[in-house]
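Work through the exercises below with the model open. Try each task before you read its solution.

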Amino acid sequence: MGDPNLTDLRKQCLSSLYSCTENISKYLDVEKSSEYEKMKLYVKEYCMMEAQEDVAAQALEKAKGEIDSSNVDSLDTNFESNLCIMAKKQFNC
């Protein structure tokens, strides 16, 4: 749903993080645990960004379907409303 280039870039970043994790496993002894924790944090952040992008794209599509051509200004309002509702459902906020 999102920008294909951004999605591909995120996938490449995740792949790089997994490669880094393999290198940590192979080449680090003393700092291994702290570096694993950093990698887990980064993977979690990338996954959260992707989920947020998906929710925002869905909210925008829904908002576009709810406006009529005479009231384009309502797109922003509908988007924000849909984003809030969808984010609450998706992320249990």
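Predicted model: local features only at pLDDT ≥ 70, side-chain atom pairs only at ≥ 80, totals over all residues.

Residues are numbered from 1 along each chain as its sequence is written, and side-chain values use heavy atoms, with hydrogens and water left out.

**Exercise 1.** Find which residue forms a salt bridge with E53, and say which helices the pair ties together.

*Solution.* 
- Step 1. Recall the term: a side-chain nitrogen of Lys or Arg lies within 4 Å of a carboxyl oxygen of Asp or Glu.
- Step 2. The partner of E53 is R10, with the closest N and O atoms 2.4 Å apart.
- Step 3. E53 lies in helix 2 and R10 in helix 1 (residues 4-27), so the pair links parts 43 residues apart in sequence. Helices here are DSSP runs (H or I, at least four residues), numbered from the N terminus.
- Step 4. E53 and R10 are both buried, meaning under 20% relative accessible area (1.4 Å probe, protein chains only).

**Exercise 2.** Decide whether N82 is buried or exposed, then list its contacts beyond four places in sequence.

*Solution.* 
- Step 1. Locate N82 in helix 3 (residues 74-91).
- Step 2. Its relative accessibility is 6%, so N82 counts as buried.
- Step 3. Contact means heavy atoms within 4.5 Å. N82 contacts A59, K62, A63 and E66, leaving aside neighbours within four places in sequence.
- Step 4. Check A59: this residue sits in helix 2 (residues 32-66) and is buried at 0% relative accessibility.

Notes. Helix = DSSP H or I, 4+ residues; strand = E, 2+ residues; numbered from the N terminus. Buried < 20%, exposed > 50% of the residue type's maximum accessible area, 1.4 Å probe, protein only.
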